[in-house]
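Colleague: I am new to this structure. Please show me how to read it, one feature at a time.

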Amino acid sequence: MEKQDVPGNGQTANTDVFLAENYAAEALAADMDPWVVFDSSCMFRAEFDDWLETNMPSRVARFGDKDGGRGPVGWVCVRGPDSSNTEDFEETEDFDDVKDVKGLRESWEKLLSSGRPVSFQAVKELALNHRVLAGKWLMHLDTGFKVDHAWECVARATMEGKIWTVKVSPYDPSSESRHVICVYNQNFTDENQVMKLEAEIRATGVKCQLAYKPDVYTYLGIYRNNRWKLCPTIYESKLDLQCVPRRSRILNKVTNLEVQ
């Protein structure tokens with residue numbers, strides 16, 4: 001889960017030093033609970049509208065609805081027609097012959113114990129070595145119309161095959177956190193692929209600020225307020241509403257340079 005990965009520089013006060021670990025634990029709990037999934041590779045398009053209406057994020061309770069007979073839900077997810085090749089998708093732990101998550105974490109522990117600086121380049125090297133390359137554009141939205149509208153935009157584009165995979169966090173009445181929508185691509189090191197996905201998201205009508213996070217950060221517990229002071233996202237996209245035609249202004253958070 002990426003609920004707290006709002007744009008920022010990763011800096012933290014001493015009182016917040018362990019917050020990243022709390023976020024990681026929350027994420028693991030959501031991933032382990034049942035997901036509500038529409039898989040476009042094996043489900044009928046005619047079923048999509050009813051499925052979408054029933055599973056709007058503002059109406060799906062994170063910890064279930066006893067009166068409605070529904071248990072806890074970790075995520076609501078739509079997979080595109082070509083998403084059957086999900087070896088890079090973060091919830092899929094069974095494809096260890098393709099992405100080596102166990103080896104990634106072992107190498108991470110060695111890096112931490114070596115005393116070497118923890119940097120984006122060091123983490124990127126681990127990701128390449130262990131083939132953990134997927135990433136996602138994140139949007140954080142209040143419950144209600146805003147999240148439901150944005151979710152419908154990207155979910156429908158995914159069902160139509162324009163986007164690989166998307167997921168959204170359900171409504172949690174016990175938390176002040178906003179919903180997070182994650183829109184995935186397969187290789188965070190391919191900047192052209194990352195920018196193409198951003199353009200697809202904007203083409204659906206989404207106007208809110210976006211932030212991009214590699215899956216390797218999620219696996220290694222690199223969230224906001226992490227002890228290594230890494231920014232938890234590597235790109236930030238803001239739609240320039242004053243520009244005609246409208247265009248995104250995308251900042252590379254690693255180099256602090258605008259992406260041209």
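Colleague: Which way do strand 2 and strand 4 pair, and over how many bridges?

Modeller: First, a caution: this is a predicted model, in which local features need pLDDT of at least 70, side-chain atom pairs count only at pLDDT 80 or more, and totals for chains, interfaces and linings use all residues. Residues are numbered from 1 along each chain as its sequence is written, and side-chain values use heavy atoms, leaving out hydrogens and water. Now the terms. Strands (E, at least two residues) and helices (H or I, at least four) are DSSP runs, numbered from the N terminus. Two strands pair if DSSP finds at least two bridges between them. Here strand 2 (residues 75-79) and strand 4 (residues 165-168) are antiparallel, with 4 bridges. Val78 stands opposite Val166 of strand 4.

Colleague: In what order do the 9 strands form the sheet?

Modeller: The order is 1-2-4-5-3-6-7-8-9, in an open sheet with mixed pairing. Strand 1 (35-39) and strand 9 (257-258) are at the edges; each has a single partner strand, so one side of each lacks a neighbour in the sheet.

Colleague: Which strands does helix 5 touch?

Modeller: Contact means heavy atoms within 4.5 Å. Helix 5 packs on the sheet and touches strand 1, strand 2, strand 3, strand 4 and strand 5 (179-185). For directions, axes are lines fitted to C-alpha atoms, for helices over the stretch in contact, and angles run from 0 to 180 degrees between N-to-C directions. Helix 5 makes about 160° with strand 4. Helix 6 also packs on the sheet, and its direction makes about 35° with that of strand 7.

Colleague: Is strand 6 mostly covered or uncovered?

Modeller: Buried means under 20% relative accessible area, exposed over 50%, and partly exposed in between (1.4 Å probe, protein chains only). Strand 6 is mostly covered, with 5 of its 5 residues buried. Leu210, Tyr212 and Pro214 lie on one side, Ala211 and Lys213 on the other. Strand 6 runs antiparallel to strand 3 (residues 135-141), joined by 4 bridges. Strand 6 also pairs with strand 7 (residues 235-240), antiparallel, over 3 bridges. Tyr212 is the bridge partner of Trp137, and Tyr235 in strand 7 is the bridge partner of Tyr212.

Colleague: Where is Cys208 found?

Modeller: Cys208 sits in the loop between helix 6 (191-203) and strand 6 (210-214). Setting aside neighbours within four places in sequence, Cys208 contacts Met139, Leu141, Arg202 and Ser237. Met139 is 69 residues away along the chain, yet the two C-alpha atoms are separated by 7.1 Å.

Colleague: Which residues touch the most other members of the largest nonpolar core?

Modeller: In soluble globular proteins, nonpolar side chains tend to be buried together. A nonpolar core is a set of buried Ala, Val, Leu, Ile, Met, Phe, Trp, Tyr and Cys residues joined through side-chain atoms within 4.5 Å. In the largest, of 56 residues, they are Trp137, Met139, Trp151, Val154 and Ile181. Helix 5 (residues 145-159) gives the most to this core, 8 residues. A second, separate core has 10 residues, including Trp75, Cys77, Leu138 and Trp164.

Colleague: Which residues of helix 4 are buried?

Modeller: In helix 4 (residues 120-130) they are Phe120, Ala122, Val123, Leu126, Ala127 and His130. They lie on the same side of helix 4 because they cover an arc of only 165° around the axis, taken from the directions from the helix axis to the C-beta atoms. These buried residues pack against helix 3 (101-114) and helix 7 (215-219).
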